[in-house]
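The paragraphs below lead through a structure step by step, beginning with the overall fold and ending with a single residue. Please keep the sequence and the 3D view at hand while reading.

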Amino acid sequence: MREYGGWLRPAWYGPDDPDLAIQAEARRARDTVALFDGSSLGKIEVIGPDAPALVDFHSYNRLSTLRPGKIRYGFILSETGIVDDDGVTLRLADDRFLVSCSSGHTDAVVTRLELWRQDRFDPRRVFIHDGTAQWATLTVTGPRSRDCVAALDLGVALDDESLPHMAFTTGTYEDAPLRIARVSFTGDRSYELSVSLSRAKTLRAKIVAALPAFGGGLMGSEALMILRAEKGYIIVGKDTDGATMPHDLGVSAPRAQRKDEYIGKRSLFLPVAQDPGRKQLVRLEVGAGEAPLPTGAHAVEGEGKERRSRGYVTSSYFSPTLGRPVALGLIADGASRMGESLAVYHLGAERRARIAPAVALDPQGKRLHA
Amino acid sequence: MRETDWAPARRAEGTLVAKPGFSARALGGLGQTLVSGDLDAAFAGLAPGAPFVGLYGLVPEGAHALRIARDRALLVTPAPLRASDGWREGFCATTVDDGWVAIEVEGKGASLVLMQGTAADLSAGSPSAAVLFAGRRCLIARTERGFRLHVEAPWIEALATWLDGA
């Protein structure tokens, strides 16, 4: 177990060398199916007739256009336009949304929602309930995930027409609510099974018993970090910094299209937001056979006293699926410098890396539906 | 100690701490529902007659509502309500039977534990039962033999560890 965002979560499983165990878990998840714990992610309900208006104002991405049963990924911004957090939102009903957020950000997101509820909206028509502690979420991911979930016999239709990617369905487990969401933080077909905390132990046991038939196994958070980095999926606060705006991450449609107000909007149109030197999310490729770049290493230009940072490595791992390192970084003008080689400096040593699009594996997203 | 070495967490049911001066146990089987909005209308429908309990108010035998804010309360019932969650006319309800835990602290030393845990002036009371106890957001009510804390379930191990040292 290791602390992630204030929560203890399984980091890897087994007594073996951690590096080997983590690589094996990541590879198995890509090849077959894996179970990991997603319980600590925030599960905040926004409820009431004005809930659609509040979630729209609170989020960079419009959410009121979601239909009940559907899910949308998005960012929330600070008033300065900086990416505060990311996550998916489920529309549970016309007047009820479930806002998921990073594990360590739940209290902050609840506070933000509560502040704006009281300050901008009629506080009798929308309310915030934090249900994070009520629900446990067990995520089954990988190409055999549907077969594995089907083997649990939960009485829920799992075909892609009934339950497509970015949708959810509900059922009953041990006489209590069950929610199954098609959301993926690995880039593979995934099913998030959420039940009340007291039902989690038996559901977990059922999944663990089902996994071997499909060649699957348990996966900790460290292997999950590899999988999401292969896909260019970010961790806010790790792959973003105190200046990262959504268009620095390649998400600019709401900024271009939304005419209504939302938190951070004005800041996205200030001169600093349009500075061509902004640091943008990219992937940094190294040569075959090289070791992963050190996380935190700086991309530099110039020599000696003239050496200047042009960004840095934010995440870096060895990918067992690709057979080579994968690294993400925030690099000045990165989006317009694809294919360029740059120097990466760390503790007196300099290496070369090539700027590439953030997604290293399955850029078309076919594995989400495979 | 390595960063990955952690003792197993205590179960959120039964005795958590047993010391010469006091004991603490987690109460199982209660119904707990977070309710916001028109509280009078809510409790008329969900638990008719359930009284509001503020800071260090006496917990009655049956259903009661621990007030958190003007428009929010934790409805505590002897068993889960199994009411549907979501918006009704003027209020909303969310089941948190598993999401919150009630801890009963009893014994001669219970009042000293209470004084150690919170700086709130309990004798002055407050319509809201929400205070910081041992640095955690808790709802505090009085029982015949001590006091009761309601806290979000993930905090139970931290709170039990604090009680160990009280």
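In this predicted model, the secondary structure of chain A amounts to 7 helices and 19 strands. Along the principal axes, the C-alpha atoms of chain A occupy a box of roughly 65 × 50 × 35 Å. Of the 370 residues in the chain, 48% count as buried, and, if one considers the contacts between residues at least 6 apart in sequence, 67% of them join residues at least 24 apart.

The chain can next be taken apart into its domains. Chain A is divided into domain 1, which is made up of residues 2–40 together with 134–229, domain 2, which covers 42–130, and domain 3, which covers 232–367. Between domain 2 and domain 3 of chain A, the C-alpha centres are 27 Å apart, and the contact between these two domains draws 18 residues from domain 2 and 20 residues from domain 3. On the domain 2 side of this contact, the elements that give two or more residues are helix α2 (51–58) and the strands β5 (71–77) and β6 (83–93) of chain A. Sorted by class, that side of domain 2 has 6 nonpolar, 7 polar and 5 charged residues.

Chain A also touches chain B, in a contact that takes 19 residues from chain A and 18 residues from chain B. Strands β4 (42–47) and β8 (127–130) of chain A each supply at least two residues to the side of chain A that touches chain B, and this side has, by class, 8 nonpolar, 6 polar and 5 charged residues.

By way of contrast in position, Q274(A) is 78 residues from S196(A) in sequence, and the C-alpha atoms of S196(A) and Q274(A) are 45 Å apart in space.

How values were computed. Residues are numbered from 1 along each chain as its sequence is written. Chains are lettered from A and ligands numbered from 1 in the order in which they are written. This is a predicted model: local features need pLDDT of at least 70, side-chain atom pairs count only at pLDDT 80 or more; totals for chains, interfaces and linings use all residues. Helices (H or I, at least four residues) and strands (E, at least two) are DSSP runs, numbered from the N terminus. A residue is buried if 20 or more other C-beta atoms lie within 10 Å of its own, exposed if 12 or fewer, and partly exposed in between; C-beta atoms are placed from the backbone. Two residues are in contact if their C-beta atoms, placed from the backbone, lie within 7 Å. Ala, Val, Leu, Ile, Met, Phe, Trp, Tyr, Cys and Pro count as nonpolar, Asp, Glu, Lys and Arg as charged, and the others, Gly among them, as polar. Domain bounds come from an automatic or database domain assignment.
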